[in-house]
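Morning, everyone. I have one structure to walk through today, and I'll keep it quick. Please have the viewer open.

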Amino acid sequence: MAAPMAELPVEPQSLRNLSLKSLKRGLDLFAPSHVSSFPLDSESKRIRVGYNVTAEYGRVKNILMEDTQDKSKQSSAPLALPGIPESKDFQKGDQGALVMAPPMLPKAPELAMPSKSSAVISVPGSSDRYTSSSALIERIASKWPKPIWHPPWKNYRVISGHLGWVRSIAFDPSNTWFCTGSADRTIKIWDVASGRLKLTLTGHIEQIRGLAVSQRHTYLFSAGDDKQVKCWDLEQNKVIRSYHGHLSGVYCLALHPTIDVLLTGGRDSVCRVWDIRTKAMVCALTGHENTVCSVFARPTDPQVVTGSHDTTIKFWDLVAGKTMATVTHHKKSVRAMALHPKEHAFASASADNIKKFSLPKGEFLHNMLSQQKTLINSMAVNEDGVLATGGDNGSLWFWDWKSGHNFQQGQTIVQPGSLDSEACIYALSYDMSGSRLVTCEADKTIKMWKEGLSATPETHPLNFRPPKDQRRY
């Protein structure tokens with residue numbers, strides 16, 4: 001058998017010495033108050049803040065030399081934490097007695113003042129506990145863009161005439177009239193200046209969810225829950241073409257700005273492309289897994305952008321009929337999107353947040369700085385950078401496009417005789433000048449908004465606080 005290993009001699013240690021070695025740990029565990037600050041050592045603070053390297057390492061060197069010289073001697077003096085006076089319990093006495101940690105005492109006055117030659121940095125208004133760290137941190141100004149001041153918007157006209165929910169809206173390129181589609185299965189054309197009814201078109205057998213007016217032709221396009229997409233000739237005020245192919249209700253509709261092409265999306269999870277001259281379906285953009293509820297078109301790639309209830313946004317190549325990219329930043333249905341009239345960017349709205357993306361690659365820019373916390377059915381942005389969003393609870397919020405700051409929160413007032421639950425905004429749109437906003441609501445009314453002329457930055461100050469930590473998604 002192998003010889004047993006020689007046991008190393010163990011230095012005898014008393015219970016008192018062991019307890020003194022764990023004094024700080026015992027103080028942390030059994031201290032009556034963890035809230036009160038730990039007393040600081042003025043000498044160590046002076047060394048840390050003043051960066052006196054010679055003094056710092058000189059102390060360590062002297063300690064090591066003293067430890068080497070006095071290695072054979074065992075000191076009976078107790079250990080003491082800086083700032084805590086020595087207790088009577090730590091005087092010479094019974095070596096076997098258990099020594100308890102002293103209670104947490106209030107901060108003792110500094111025993112030694114730092115010399116005038118040492119460089120001590122002081123920050124006004126900061127406590128002594130954080131002086132040594134906060135004094136060395138450089139405060140960096142926020143890089144978040146400051147929002148532009150916009151005057152508040154106010155309601156100046158209420159139009160009633162529909163017999164059902166007003167679900168869609170579109171403006172004439174000449175900015176003289178606008179049309180609205182309703183759940184009463186009619187399309188009504190209104191004068192922009194006076195708000196008077198000019199014409200009523202009938203032909204759909206279900207509520208009308210999408211409208212678009214052509215910029216190159218005298219055509220009006222409509223789509224609804226009856227699976228029908230119709231082309232109206234405004235010179236004859238009648239339907240001249242119908243586009244058949246959707247298997248369920250059609251929720252959104254858009255015209256291509258340069259090509260005679262119509263885009264429609266619906267509950268069959270497909271965005272269909274139609275030739276407006278021949279009534280033929282050019283192609284079907286398939287790939288979404290749920291209802292396509294928002295769409296817009298661009299003259300360059302990606303020419304088509306669709307948002308769906310499957311929480312994704314897809315960019316489409318119209319020539320190949322395939323997906324170019326898919327954006328998956330949202331967690332809820334993307335019910336509304338708004339293309340900026342000048343910048344190469346767009347915003348998308350969901351129940352979780354409103355997000356901005358760049359074009360053409362769809363890179364995520366940032367979230368809006370507030371949450372509307374409701375289903376956002378529609379949104380629009382004008383050339384001045386004012387983004388308006390209409391919620392399912394009747395909330396109408398206005399945002400600064402550049403910074404994402406919400407500068408106004410409004411609540412629509414229902415028509416007398418309607419229920420409070422009918423305070424819902426289904427669609428909204430700016431006119432061609434961007435100076436008027438029209439909202440379509442569930443109380444069967446159409447409300448028109450404009451900026452307050454008497455408002456100034458002094459009467460309506462901009463209460464903006466830059467975000468400290470902005471969420472990436």
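Of the 473 residues in this chain, 45% count as buried. Keep in mind that this is a predicted model. The chain exposes about 26500 Å², and carbon and sulfur atoms supply 53% of that area. Now the contacts. Take those between residues at least 6 apart in sequence: 49% of them join residues at least 24 apart. On secondary structure, the chain has five helices and 28 strands.

Let's go to the aromatics. How many aromatic pairs does the structure hold? It holds 13. Start with Trp 153 and Phe 398. Their ring centres are 5.6 Å apart and their planes meet at 10°, so this pair is stacked. The cut-off for stacked is planes under 30 degrees apart. Where do the two residues sit? Trp 153 is in strand 1, residues 153-160, and Phe 398 is in strand 24, residues 395-400. So the pair ties together parts that are 245 residues apart in sequence. Buried or exposed, for Trp 153? Trp 153 is buried, at 3% relative accessible area. Phe 398 is buried too, with 1%.

Next pair: Phe 346 and Phe 357. These two are also stacked, with 5.5 Å centre to centre and 25° between the planes. Phe 346 lies in strand 19, residues 345-349, and Phe 357 in strand 20, residues 354-358. The parts tied together here are eleven residues apart in sequence. Phe 346 is buried, at 0% relative accessible area. Phe 357 counts as buried as well, at 0% relative accessibility. Both belong to a cluster: ring pairs link Phe 296, Phe 315, Phe 346, Phe 357 and Phe 364.

Rings also meet charges. Arg 209 lies over the face of Tyr 251, at 3.9 Å from the ring centre. Lys 450 has its charged end over the ring of Tyr 156, 4.9 Å from the centre.

Which strands make up the open sheet? Four of them, in the order 6-7-8-9, with antiparallel pairing. At the edges are strand 6, 208-213, and strand 9, 238-243; each pairs on one side only. On average, neighbouring strands in this sheet are turned by 25° against each other, direction ignored. Inside the sheet, strand 7, residues 219-224, runs antiparallel to strand 8, residues 229-233, and five bridges join them. One detail for the viewer: Tyr 219 has Asp 233 in strand 8 as its bridge partner.

Further along, strand 12, residues 270-275, pairs with strand 13, residues 281-286. The sense is antiparallel, over five bridges. Arg 272 has Ala 284 in strand 13 as its bridge partner. Strands 12 and 13 form a hairpin with five residues between them. In the turn, Lys 279 has a positive phi of about 65°.

Now zoom in on Leu 253. This residue is in strand 10, residues 250-255. Leu 253 is buried, at 11% relative accessible area. What is Leu 253 in contact with, leaving aside neighbours within four places in sequence? The list includes Gly 210, Leu 211 and Ala 212. Phe 221, Val 229 and Val 295 are also among the contacts of Leu 253. The C-alpha atoms of Leu 253 and Leu 263 are separated by 5.7 Å, and the two residues are ten apart along the chain.

Last topic: backbone geometry. Most residues other than glycine have a negative phi, and most peptide bonds are trans. Here are some exceptions.

Cis bonds, then. The peptide bond from Asp 301 to Pro 302 is cis, with omega near -5°. Pro 302 lies in the loop between strand 14, 292-297, and strand 15, 304-308. The bond from Leu 359 to Pro 360 is also cis, with omega near 10°. Pro 360 is in the loop between strand 20 and strand 21, 364-367.

Then positive phi. Asn 237 is not a glycine, yet its phi is positive, about 60°. Asn 237 sits in the loop between strand 8 and strand 9. At 36% relative accessibility, Asn 237 counts as partly exposed. Thr 311 is not a glycine either, and has a positive phi of about 70°. Thr 311 lies in the loop between strand 15 and strand 16, 313-317. At 22% relative accessibility, Thr 311 counts as partly exposed.

That's my tour. Over to you.

Notes
Residues numbered from 1 in each chain as written. Predicted model: local features only at pLDDT ≥ 70, side-chain atom pairs only at ≥ 80, totals over all residues. Heavy atoms only, no water. Pairing = 2+ DSSP bridges. Helix = DSSP H or I, 4+ residues; strand = E, 2+ residues; numbered from the N terminus. Buried < 20%, exposed > 50% of the residue type's maximum accessible area, 1.4 Å probe, protein only. Contact = heavy atoms within 4.5 Å. Areas by Shrake-Rupley, 256 points an atom, 1.4 Å probe, with all protein chains shown as cover. Phe/Tyr/Trp six-rings, centres within 6.5 Å; stacked < 30°, edge-to-face > 60°. Lys NZ or Arg CZ within 6 Å of the ring centre and 35° of its normal. Axes fitted to C-alpha atoms, helices over the stretch in contact; angles between N-to-C directions.
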